[in-house]
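Keep the picture open beside the text and follow along as you read.

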Amino acid sequence: IQGRNVSNTAPADKEVLTWDAVTSTWKPSQYYTVTNVAGTTYPLTASDHGKILDFTSNTAVTLTVPGSLPIGFQVSISQAGNGQITFTGSGGMIINNRWAGTATSGRWAKAGVEVRATNSAILSGDVQ
């Protein structure tokens, strides 16, 4: 963190300093926060980095992985409802999976998205 701006906000219990590329500042944030998502569409943003997103919809969900996400971005996805989550790239983002999987396999399936290079992400986990 040497030579970089650090937020004036003191970290709370169980928070860590994370780099905010938008403000060019180290700032406190919760590590692995769980966020419930009720909608049927969701575009990932850089602020989702390090989060656990629980999708609770009982109808199909489309999760968009944009090409604007920074290299090193990681997020954990849970299908907490009956709605299957389909992963789609936008803005040039290619989503790679060993078995050509593009969607969660069923309720309580876990998946991860990791941006490895510009416009290249890996989808892992319980996907088909």
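This is a predicted model: local features need pLDDT of at least 70, side-chain atom pairs count only at pLDDT 80 or more; totals for chains, interfaces and linings use all residues.

We begin with a pair of neighbours: β7 and β9 run parallel to each other and are joined by six bridges. Strands here are DSSP runs of E with at least two residues, numbered from the N terminus, and two strands count as paired if DSSP finds at least two bridges between them. Residues are numbered from 1 along each chain as its sequence is written, and side-chain values use heavy atoms, with hydrogens and water left out.

The pair belongs to an open sheet of three strands in the order β5-β7-β9, with parallel pairing. Its edges are β5 (41-43) and β9, each of which pairs on one side only. On average, neighbouring strands in this sheet are turned by 20 degrees against each other, direction ignored; the axes behind such angles are lines fitted to C-alpha atoms, and angles run from 0 to 180 degrees between N-to-C directions.

Now find the other open sheet, where six strands follow the order β4-β6-β8-β11-β12-β10 and the pairing is mixed. Because β4 (34-37) and β10 (94-96) stand at the edges with a single partner strand each, one side of each has no neighbour in the sheet.

A hairpin comes next: β2 and β3 have four residues between them, and Ser24 in the turn has a positive phi of about 55 degrees. Six bridges join these antiparallel strands, and Glu15 faces Gln30 in β3.

What about the nonpolar side chains? In soluble globular proteins, they tend to be buried together. The largest nonpolar core in this model has 21 residues, and Leu44, Phe55 and Ile77 are among those with the most contacts inside it. Such a core is a set of buried Ala, Val, Leu, Ile, Met, Phe, Trp, Tyr and Cys residues joined through side-chain atoms within 4.5 Å, where buried means under 20% relative accessible area (1.4 Å probe, protein chains only). The strands β6 (52-55), β7 (61-66), β8 (74-79), β9 (85-90), β11 (110-117) and β12 each supply at least two residues of the core.

Terms used: Buried means under 20% relative accessible area, exposed over 50%, partly exposed in between (1.4 Å probe, protein chains only).
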